[in-house]
Each structure stands twice: as C-alpha cells, then as structure tokens.
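Dear colleague,

Please find below the structure that I am handing over to you.

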Amino acid sequence: MIVYSKMEYKTLNNGLQMPMVGLGVYDIPERETQRVVEDAISVGYRSIDTAAMYYNERGVGNAVRACGVSREELFITTKICDSCYSRDETMRSVDHSMRQLGLDYVDLMLIHWPVGNPAVMWHALEELYGQGLFKAIGVSNFYPNTFPMIVKGARVMPVVNQCETHVLYQQRKMMEYLQPYNVALEAWSPLAEGKHGIFKNPVLKRVGEKYGKTAAQIALKFLIQNGIIIIPKTTHKERMIENIDLFDFMLADDDLSDISRLDTGRNVTGWPSDALKYNPESL
Ligand SMILES: NC(=O)c1ccc[n+]([C@@H]2O[C@H](COP(=O)([O-])OP(=O)(O)OC[C@H]3O[C@@H](n4cnc5c(N)ncnc54)[C@H](OP(=O)(O)O)[C@@H]3O)[C@@H](O)[C@H]2O)c1
C-alpha cells in the first residue's frame with residue numbers, strides 16, 4: 001500500500017493550515033462515498049470537499065468516523081445549500097449539513113454560489129464561526145460582481161474563494177483580485193472535469209516525460225506551484241495516489257511558462273459562470 005505522508009499546507013488568513021491537495025466528491029453517489037473517502041484517507045488524503053448539493057455528506061461523515069484517523073488530522077469542507085434569503089434559512093441549511101455529516105464541527109464552511117442573499121448568509125456564518133462550529137468560513141464562485149457583497153460589512157474575511165481553475169482557465173486576474181484581501185484561491189475542477197483532452201495535451205505530456213509524471217500530475221502541480229489549493233475528484237484509488245504524488249519535484253520556469261500559454265482565459269465547464277450570467281471579460 002502506498003501512503004503519501006508528504007503534503008504542503010496553505011496558511012489561511014485566520015492562521016488555519018489547509019492541505020494543498022484534497023479530494024473532491026462531487027457527483028459520487030452517497031452509497032459509494034464512504035468507500036471512496038476511506039480509500040482516499042488510506043492513501044494519505046486529509047482534506048475532503050463536499051457540499052449539501054452533492055447529497056453525499058452522510059457518506060463523508062461515515063468515513064470520517066470509520067477511517068481510524070483522528071478528527072483533528074482531517075480537514076472537512078462543506079457548502080451550505082443555495083438560495084438562503086434569511087438568517088433562519090441559513091441556520092437551517094447549516095443544521096442540515098451538520099446532521100448529515102454527524103460531526104461536531106467542520107473545518108471550512110462555504111457559501112456555494114452567490115445566490116439568495118449572500119450578505120445575510122455570510123453574517124449567519126460569521127455568527128456560527130464565532131461559536132466555534134467552523135474553523136474557517138469562505139465562499140465559492142464569487143467574482144468581482146458579487147465578492148463585494150461579502151466583504152462590505154464583513155467582520156470576518158473569507159479564507160478562500162473556490163472557483164473553476166485549471167490549466168485551461170488559470171484565473172490569473174482572480175488571483176490578483178483576491179490578493180489584497182489575503183483570500184486564497186481554491187480550484188474546483190482542477191483537471192477541467194477530465195474533459196477537453198487534458199490528459200492527452202501535448203504540452204502537459206511533454207513536460208510530464210521530463211519529470212517522469214503524467215499529464216494529470218503536471219496539470220495539478222502547475223496549480224499548487226502557483227499557490228492554488230486543489231481538490232481533484234476521482235473514485236479510483238490508483239488515480240487518488242497519482243493526484244497526490246506531487247511533492248517530489250518542482251516545475252522549472254520554462255515549463256511553467258509553456259503551461260501558462262495553455263490558458264484560454266475562459267470558463268470551459270459551462271458553469272457556474274454561464275448560469276450566473278457572469279462575464280469573465282469583466283474581470
Ligand atoms: N464549488 C463549486 O461550485 C464546485 C463545482 C464543481 C466542482 N467542485 C469541487 O471540485 C471537485 C473536483 O472537480 P470535478 O469533480 O468537477 O472535476 P476534476 O477533479 O477536474 O476531474 C474529475 C474527472 O477526472 C477524472 N480523473 C481524476 N483524476 C484522474 C487521473 N489521474 N487520470 C485520469 N482521469 C482522472 C475523474 O474520473 P474518475 O472519477 O472516473 O477517476 C473525473 O471524471 C469536485 O468533486 C467538487 O468537490 C466544486
């Protein structure tokens with residue numbers, strides 16, 4: 001059994017240490033989730049990213065309890081349901097997630113999308129953060145047209161903004177935008193959902209040959225070497241191992257610049273930006 005004990009951490013703006021690589025569990029049916037998360041933890045993952053909308057928080061919580069690794073060593077992220085307009089709705093959404101997970105606290109609670117009333121949701125999360133229910137709070141899919149709704153009047157700054165980010169959509173403008181707020185960028189779909197020929201990309205393959213790594217590993221390493229937290233999803237144990245085996249090499253400057261030229265500057269998954277009628281050109 002290969003277990004990766006090597007891990008790098010991002011120090012978030014509240015001092016919390018977050019693993020640079022975690023497992024995303026979007027689209028994994030609840031009946032499979034416990035097995036997948038236990039597999040991931042067994043090969044060295046310590047960070048798991050779920051959401052109320054994934055309908056598998058229960059499987060994540062079961063794995064946390066069954067895995068044999070102490071709760072303090074794990075970093076569990078979830079996201080409240082969308083479309084809360086009031087403090088009460090937000091509290092009910094949080095309560096639902098906590099009951100599904102069956103945990104005393106979560107490490108990172110995110111607002112999934114900028115819908116409902118983001119400012120009201122944020123103030124409710126701030127309140128619960130103050131009570132110790134979350135180790136950190138953050139947002140997801142907030143762009144400059146919506147991020148100010150959170151920071152205006154915030155008592156607690158988000159620690160992360162989780163957005164679509166991968167070699168085809170590198171989010172350099174977003175990185176610049178978030179920097180003055182000291183908010184970390186966390187990449188969702190860091191492998192571009194495994195689409196758009198990413199694993200056959202000639203640049204990623206050529207660079208991979210140089211380091212004895214796969215195209216997937218080069219795509220992921222490019223992100224973490226740029227300081228971006230990643231949560232690739234896979235249900236296959238051998239790919240879990242592949243996606244975390246990133247800490248024994250560094251990409252040289254010329255390779256970084258070759259990969260940076262793969263950036264299309266645009267969302268390629270089709271959502272959430274399209275769903276929110278957000279225009280990336282306005283960044
Ligand atoms: N906040 C948001 O709005 C939001 C939106 C989307 C995603 N997310 C989060 O981000 C996580 C990751 O994003 P994602 O699931 O959309 O896509 P992803 O991680 O970019 O790609 C996952 C796809 O790539 C395949 N794959 C993974 N590793 C591979 C490897 N080493 N070689 C070949 N194929 C590989 C997987 O297949 P197999 O599973 O068959 O291996 C799956 O089809 C999600 O699970 C979720 O936690 C958040």
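Two strands are counted as paired if DSSP finds at least two bridges between them. With that in mind, consider strands β7 (residues 134–140) and β8 (residues 160–164), which run parallel and are joined by two bridges. S140 has Q162 in β8 as its bridge partner. Please keep in mind throughout that this is a predicted model.

The sheet

In one, helix α1 (residues 30–42) packs against helix α2 (residues 57–66) at an angle of about 40°, and their axes are 7 Å apart. Angles under 35 degrees would count as roughly parallel and those from 65 to 115 as roughly perpendicular; α1 and α2 are therefore oblique to each other. Their crossing is right-handed. On the α1 side, the contact is made by E30, T33, Q34, V37, E38 and I41, which meet R58, G59, V60, N62, A63 and A66 of α2. By class, the residues of this contact are five nonpolar, four polar and three charged.

In the other pair, helix α3 (residues 87–101) and helix α4 (residues 118–130) pack at an angle of about 55°, with 9 Å between their axes. This angle makes α3 oblique to α4. The crossing of α3 and α4 is right-handed. Here R87, T90, M91 and V94 in α3 meet V120, M121, A124 and L128 in α4. The contact of α3 with α4 comprises six nonpolar residues, one polar and one charged.

The ligand

Which residues come nearest to the ligand? Of the 27 residues around the ligand, these are G24, Y26, W188, G194 and K233. The shell around the ligand divides into eleven nonpolar, eleven polar and five charged residues. Helix α9 (residues 237–244) gives the most to this shell, contributing three residues.

Yours sincerely,
A colleague

Key. Residues are numbered from 1 along each chain as its sequence is written. This is a predicted model: local features need pLDDT of at least 70, side-chain atom pairs count only at pLDDT 80 or more; totals for chains, interfaces and linings use all residues. A residue is near a molecule or strand if its C-beta atom, placed from the backbone, lies within 6 Å of it. Helices (H or I, at least four residues) and strands (E, at least two) are DSSP runs, numbered from the N terminus. Ala, Val, Leu, Ile, Met, Phe, Trp, Tyr, Cys and Pro count as nonpolar, Asp, Glu, Lys and Arg as charged, and the others, Gly among them, as polar. Axes are lines fitted to C-alpha atoms, for helices over the stretch in contact, and angles run from 0 to 180 degrees between N-to-C directions. Angles under 35 degrees count as roughly parallel, over 145 as roughly antiparallel, 65 to 115 as roughly perpendicular and the rest as oblique. A crossing is left-handed if the near helix is turned anticlockwise from the far one by less than a right angle, and right-handed if clockwise. Two residues are in contact if their C-beta atoms, placed from the backbone, lie within 7 Å.
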